[in-house]
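This report looks at how the inside of one protein model is packed. Please have the sequence and the structure in view while reading.

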Amino acid sequence: MPLKFALTVLFLYVTTCFAHRKDIIVIEDTSIPLSQKEAILILPGFGSKIHGVKDIRDFFIHKGYDVYIPHYIGRDSLQQCVFNLNIFIEKHHLLNYKKLHVFSYIAGSWLLNMWLQKHSVNNIASIVYDRSPFQERAPYVLVKDKPLLIKLVVGKIMYDFSLTLYPTNANDSKNIGIIIENKPTQLILKHKKTALMLGEFNFSKDSLKQPCDDYLYECINHDEMYFQFSNIGPEILNFFKNGNFSSYVRKEPFIYDVFDKKNTDCGLEP
């Protein structure tokens, strides 16, 4: 096992087991009843174990919304996570807000839609899904190439995730937007052979199996989604406010050699 990978696994194991991660809750004005204001629920994924959620919090607070970021991902199964999410929603009375907006990372998108299947009556006004044709193969890659280490780090949930098809949310009453990542992470680059066992990557919006009102392609990878908000952050807020992204966002995939490790700009001219 390469030393760098072993050290990374050790770091993840230690932080997962011993770090005391808390839910993040930022209330703009406690004097205003929930029924008269709006909130943002942010559902991070497995990447939060490495990158944390500080940058996410710092961008979305003080933008006119109460902000909630739960620590809800468990080790056993996706159903366990859905249960944890529901407990968080009930505990903090999120369904009492005038409007609730959701920004969900990849695992969060699976779990949110599983929650919606059981709670069809809710106050969610808009959802922005983070989707990635690359990173959505990460559970398969990790379970296939590093099964024992991944089980040690995150438990059985990664195996459960690798077997679970995307649970489509077809609720037309909500404004639904999708950010489509167009760059692979180092994980996918290093495990190219395994990732391609599932076939060629498809960047068509329809291949994501998520009906939406608007979408955009961004030259960003999944790791960067945790800290690079200069472009995506304002677009997410714009969607929450207006139900659509800006008129100038990109609507077509970037076409380039995705496995060229030197190409970090999606084939764009310097």
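The model is predicted.

**Cores**

The largest nonpolar core has 37 residues, and those touching the most other members are Leu41, Leu94, Leu112 and Ile124. Elements giving two or more residues to this core include the strands β2, β4 and β5 and the helices α4, α5, α7 and α8. Helix α5 gives the largest share, eight residues. In soluble globular proteins, nonpolar side chains tend to be buried together.

| Core | Number of residues | Some members |
|---|---|---|
| Largest | 37 residues | Leu41, Leu94, Leu112, Ile124 |

**Cavity**

The structure holds one cavity of 30 Å³ or more. The volume of the largest cavity is about 30 Å³. Its lining consists of Leu41, Leu85, Ile89, Leu95, Leu100, Leu112, Trp115 and Ile124. Helices α4 and α5 each give two or more residues to the lining. The lining has eight nonpolar residues, no polar ones and no charged ones. Beyond its neighbours within four places in sequence, the lining residue Ile124 is in contact with Leu100, Val102, Leu112, Trp115, Leu116 and Lys174.

**Arginine 131**

Is arginine 131 buried or exposed? Its relative accessible area is 2%, so arginine 131 is buried. Arginine 131 lies in strand β5, which covers residues 124-131. Leaving aside neighbours within four places in sequence, its contacts include Glu136, Tyr166, Glu181 and Gln210.

Methods:
Residues numbered from 1 in each chain as written. Predicted model: local features only at pLDDT ≥ 70, side-chain atom pairs only at ≥ 80, totals over all residues. Heavy atoms only, no water. Helix = DSSP H or I, 4+ residues; strand = E, 2+ residues; numbered from the N terminus. Buried < 20%, exposed > 50% of the residue type's maximum accessible area, 1.4 Å probe, protein only. Contact = heavy atoms within 4.5 Å. Core = buried A, V, L, I, M, F, W, Y, C linked by side-chain atoms within 4.5 Å. 1 Å grid on protein atoms, 1.4 Å probe; cavity = no way out; pocket = protein on both sides within 12 Å on 5 of 7 lines; lining within 4 Å. Points joined across faces, edges and corners; volume = space filled by probe spheres on them. Nonpolar A, V, L, I, M, F, W, Y, C, P; charged D, E, K, R; others polar.
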